[in-house]
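Try each task before reading its solution.

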Amino acid sequence: MTAVTRVLLVEDDEADAALTLASLKGSGLNTSHQRVWSRGDLAKSLAQQAWDVVLCDHNLPQFDGLSALAMVKAHDPDIPFIIV
């Protein structure tokens with residue numbers, strides 16, 4: 001059985017999210033994911049579940065990637081965070 005990587009995707013654009021997820025799938029990585037695009041949804045997702053990695057768009061309508069990074073690191077400094 002292949003391990004599942006839990007991916008929190010912080011992305012406001014549906015097409016970009018689909019491309020990112022397709023790339024992960026194409027690499028052979030077995031993932032489960034949740035997509036959020038607001039500060040409130042990010043905080044809620046961090047509180048509700050443990051994540052293996054956060055992939056984040058740099059530009060978001062309500063906040064930016066660096067603000068999201070600060071939120072994630074304040075919640076758990078060990079979660080890998082990648083700004084796309």
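Two strands pair if DSSP finds at least two bridges between them; helices (H or I, at least four residues) and strands (E, at least two) are DSSP runs, numbered from the N terminus. This is a predicted model, where local features need pLDDT of at least 70, side-chain atom pairs count only at pLDDT 80 or more, and totals for chains, interfaces and linings use all residues. Residues are numbered from 1 along each chain as its sequence is written, and side-chain values use heavy atoms, with hydrogens and water left out.

**Exercise 1.** Find in which sense β1 and β2 pair.

*Solution.* Start with β2, residues 31-36. Strand β1 pairs with β2 in the parallel sense, over 6 bridges.

**Exercise 2.** Is V7 buried or exposed?

*Solution.* Next, take its relative accessible area, which is 1%. Buried means under 20%, exposed over 50%, and partly exposed in between (1.4 Å probe, protein chains only), so V7 is buried. Finally, look around V7: not counting residues up to four places away in sequence, V7 touches residues including L24, T31 and W51 (contact means heavy atoms within 4.5 Å). The C-alpha atoms of V7 and T31 are 6.6 Å apart, although 24 residues separate the two along the chain.

**Exercise 3.** Which residues does V10 contact, leaving aside neighbours within four places in sequence?

*Solution.* Step along to V10 and list its partners: V36, L42, V54, L55, C56, D57, L60 and F63.
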